[in-house]
Amino acid sequence: MEVKRFIAKTTQQIKKTVGNQKTLVACSGGVDSVVCTILGHQALGKKLLAIFIDSGLMRDGEPEEVTKILKKFGVKTKLIRARAKFLKALRGKVDPERKRKAFRDTFYKVLGQAVKTEKAKFLIQGTIKADIIETQGGVKTQHNVLEQIGIDPQKYGLKVLEPLKELFKPEVRQIAKALNLPEEISERMPFPGPGLATRIVGEVTPRRVKIVREATKIIEKELHQLKPFQTFAVLLSDKATGIKGGKRALGNIIVIRCVNSSNAMTAKPSKISFELLQKIQKKITKIPSIVRVCYDLTPKPPATIEYI
Ligand code: XMP
């Protein structure tokens with residue numbers, strides 16, 4: 001791919017398709033959606049509004065961090081707080097696909113409302129090729145693929161543009177660099193749309209989100225040095241016996257996931273020293289309800305990267 005040509009061609013296409021109409025971009029802060037946002041901004045300037053939906057399932061400090069970066073790049077940005085809506089939709093659901101659908105429906109309701117409020121006609125999304133292939137292949141339901149899974153975007157009142165749908169992650173990173181985005185974005189680990197919900201097996205509750213968020217912060221900090229493709233914490237639904245305050249106690253289990261991959265279609269677990277794993281274990285078991293920490297050795301396939 002010729003990066004400069006891609007950028008020129010894509011911004012031209014966005015301009016031509018959208019014309020003078022107001023456009024929204026759903027930006028999550030990941031490299032895909034930030035690249036889309038910057039391409040959209042270059043094509044449309046102030047006619048583009050970046051919407052960042054705070055689902056309550058982001059990592060620690062993420063909503064504030066992302067909106068700050070976008071503002072620095074001169075992108076008109078709006079942060080929509082919708083935590084309660086997502087938690088309500090996820091309440092009581094344990095089946096992975098039901099959770100994904102609940103997330104997706106809520107996401108599009110919130111976004112659809114924003115489109116109406118802002119009187120926007122177009123929506124730019126950061127769907128990439130791997131999302132489409134995996135959704136078509138039935139590996140999972142991606143929340144950000146509409147037409148490919150037979151959903152009529154019109155139902156949500158949107159016309160959707162997906163400028164990155166022919167690209168894989170490494171190409172998107174190349175474009176991010178060419179757009180002068182900071183390394184913090186161009187090399188950012190993929191973070192799925194449904195956020196921490198993909199890392200909570202079983203029901204998503206505020207308490208369980210808090211646990212997985214705390215453990216994620218520890219793992220990301222300690223494993224950053226390995227430059228993995230993705231690393232995060234997973235909260236299992238099973239419990240196990242441990243010792244808390246000198247007494248036997250049934251507590252939660254956290255899994256450390258850390259994988260290397262080039263395009264997320266396949267992945268291998270990272271080699272982590274036993275000392276480093278122990279260091280992480282000590283920090284994570286300080287979280288009150290956690291009694292055990294495991295390291296996941298499974299490549300993709302047969303596992304997937306995320307847990308739901
Ligand atoms: P899996 O778990 O299927 O994930 O091996 C492959 C890659 O896709 C990311 N992922 C998602 N990204 N929306 C996204 O934008 C989603 O619903 C979603 N689910 C998984 C995952 O983090 C990994 O990089």
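**Reading a predicted model by its cut-offs**

Q: Why is Ala-264 called partly exposed?
A: Ala-264 has a relative accessible area of 23%, and since buried means under 20% while exposed means over 50%, a value in between makes this residue partly exposed. The model in which this value was computed is a predicted one.

Q: What makes the phi of Ala-264 worth a remark, and where is this residue found?
A: The phi of Ala-264 is positive, at about 70 degrees, although the residue is not a glycine. Ala-264 sits in the loop that runs between strand E7 (247–260) and strand E8 (268–269).

Q: Why does Asn-180 count as exposed?
A: The relative accessibility of Asn-180 is 63%, and because exposed means over 50%, this residue counts as exposed. Asn-180 also has a positive phi, of about 65 degrees, without being a glycine, and its place is the loop between helix H7 (169–178) and helix H8 (183–186).

Q: How do you know that Thr-23 counts as buried, and what is Thr-23 in contact with?
A: Its relative accessibility is 0%, and as the cut-off for buried is under 20%, Thr-23 counts as buried. Thr-23 belongs to strand E1 (residues 23–26), and once its neighbours within four places in sequence are set aside, the residues in contact with it include Val-18, Leu-44, Leu-48, Ala-120, Phe-122 and Ile-124. Leu-167, which is 144 residues from Thr-23 along the chain, has its C-alpha atom separated from that of Thr-23 by 22 Å.

Q: Why does Val-291 count as buried at 16% relative accessibility?
A: The value of 16% for Val-291 is set against the cut-off of under 20%, and therefore Val-291 counts as buried. This residue is placed in strand E9, and, leaving aside neighbours within four places in sequence, its contacts include Ala-240, Thr-241, Gly-242, Ala-249 and Thr-285. Val-291 and Lys-239 are 52 residues apart in sequence, yet their C-alpha atoms are 8.7 Å apart in space.

Q: What makes Leu-90 buried, and which helix is Leu-90 found in?
A: Leu-90 has a relative accessible area of 1%, and because buried means under 20%, the residue is called buried. Leu-90 is part of helix H4 (residues 83–90). Beyond its neighbours within four places in sequence, Leu-90 is in contact with Leu-57, Lys-99, Ala-102, Glu-203 and Val-204, and its C-alpha is 7.0 Å from that of Phe-103, which is 13 residues away in sequence.

Q: Why is the sulfur of Cys-27 too far from the closest cysteine sulfur for a bond?
A: The closest cysteine sulfur to that of Cys-27 belongs to Cys-36 and is 8.8 Å away, whereas a disulfide needs two cysteine sulfur atoms within 2.5 Å, so the distance is too far for a bond. Cys-27 counts as buried, since its relative accessibility is 3%.

Q: What makes the peptide bonds around Pro-301 cis, and where does Pro-301 lie?
A: Lys-300 and Pro-301 are joined by a cis peptide bond with omega about -15 degrees, and the bond from Pro-301 to Pro-302 is also cis, with omega near 10 degrees. Pro-301 lies in the segment after strand E9 (290–295), and Pro-302 is found in the segment after E9 as well.

Q: How do you know that the radius of gyration of the protein agrees with that of a compact globule?
A: A compact globule with 308 residues would have a radius of gyration near 19 Å, and because the protein has 20 Å, the two values agree. The C-alpha trace spans about 65 × 40 × 35 Å along its principal axes, and the secondary structure comes to 10 helices and 9 strands. Of the 308 residues, 54% are buried, while residues 24 or more positions apart account for 75% of the contacts with a separation of 6 or more.

Notes:
Residues numbered from 1 in each chain as written. Predicted model: local features only at pLDDT ≥ 70, side-chain atom pairs only at ≥ 80, totals over all residues. Heavy atoms only, no water. Buried < 20%, exposed > 50% of the residue type's maximum accessible area, 1.4 Å probe, protein only. Helix = DSSP H or I, 4+ residues; strand = E, 2+ residues; numbered from the N terminus. Rg over C-alpha atoms; globule rule 2.2 N^0.38 Å. Contact = heavy atoms within 4.5 Å.
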